[in-house]
Amino acid sequence: MDLLRSFKDNCGFGLLASIDNKPTHQNVEDAIISLERMMHRGAIAADGKSGDGSGLLFGMPVEFMNREAEKLGVSLPEQFAVGMLFLQDKKQKIKIDELCAKNDLKVLLYRSVPVDTNALGEQALASLPDIVQVFVAPNSIIASKRFDALLFLTRREIEAAFN
């Protein structure tokens, strides 16, 4: 076990929720303001712009994902998952395809995530990965019954393959 990578921590987090469990754009705006107010949020490099990053976690916006897939010519099935990938090499997709197929999952499409790099410093730009979403569905009836477990297993195998 690599002790340097086995412990994870953060310097802070915020939690915003809608009491009626309805997603709104106001929640997104409030979350962004919260991140902006965490000035100590992460280490900042000498260029004054590059940091260790931060993000927002949401429930999956199924309607949005369906629209984006349709734009790319893919009609999504009822049961699907979306994984966020930060690729250093396009060949990594081949390994991801292999591991999904091995676990009875079907890769439906890869979607490049639009990125605005205007705020990034030189160091961040130099190490910017290719940010991609992979859309995955069960490949059989048996896989559809164990979809969550197969997704978990496949994610762990992908992590192991690239660490």
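The model before you is predicted. Its chain contains seven helices and three strands, arranged along the sequence as α-α-α-β-α-β-α-β-α-α. Of the 163 residues, 22% count as buried. Among contacts with a separation of 6 or more, 68% are between residues 24 or more positions apart.

I turn now to the second largest pocket, whose volume is about 540 Å³. Its lining comprises 21 residues, and Gly83, Met84, Leu85, Arg155 and Ile158 are the closest to the centre. Strand S1, helix H4, strand S3 and helix H7 each contribute at least two lining residues. By class, 15 of the lining residues are nonpolar, four polar and two charged.

Next, the salt bridges, of which the structure holds six. Side chains of opposite charge can pair when their charged atoms come close. Glu68 pairs with Lys71, with the closest N and O atoms 2.9 Å apart. Both residues lie in helix H3, three residues apart, about one turn of the helix. Glu68 is buried, at 11% relative accessible area, whereas Lys71 is exposed, at 63%.

Which residue forms a salt bridge with Lys90? The partner is Asp130, again with closest N and O atoms 2.9 Å apart. Because Lys90 sits in the loop between S1 and H4 and Asp130 in strand S3, the pair ties together parts 40 residues apart in sequence.

Finally, Arg156 and Glu159 meet at 3.9 Å, N to O; they are three residues apart in helix H7, about one helical turn. Elsewhere, salt bridges with shared partners join Glu68, Lys71 and Arg111 into one network.

Terms used:
Residues are numbered from 1 along each chain as its sequence is written. This is a predicted model: local features need pLDDT of at least 70, side-chain atom pairs count only at pLDDT 80 or more; totals for chains, interfaces and linings use all residues. Side-chain values use heavy atoms; hydrogens and water are left out. Helices (H or I, at least four residues) and strands (E, at least two) are DSSP runs, numbered from the N terminus. Buried means under 20% relative accessible area, exposed over 50%, partly exposed in between (1.4 Å probe, protein chains only). Contact means heavy atoms within 4.5 Å. On a 1 Å grid over the protein atoms alone, a cavity is a set of points where a 1.4 Å probe fits but cannot get out, and a pocket is an open set with protein on both sides within 12 Å along at least five of seven lines; lining residues have an atom within 4 Å of a point. Grid points are joined across faces, edges and corners, and a volume is the space filled by probe spheres set on the points. Ala, Val, Leu, Ile, Met, Phe, Trp, Tyr, Cys and Pro count as nonpolar, Asp, Glu, Lys and Arg as charged, and the others, Gly among them, as polar. A salt bridge is a side-chain nitrogen of Lys or Arg within 4 Å of a carboxyl oxygen of Asp or Glu.
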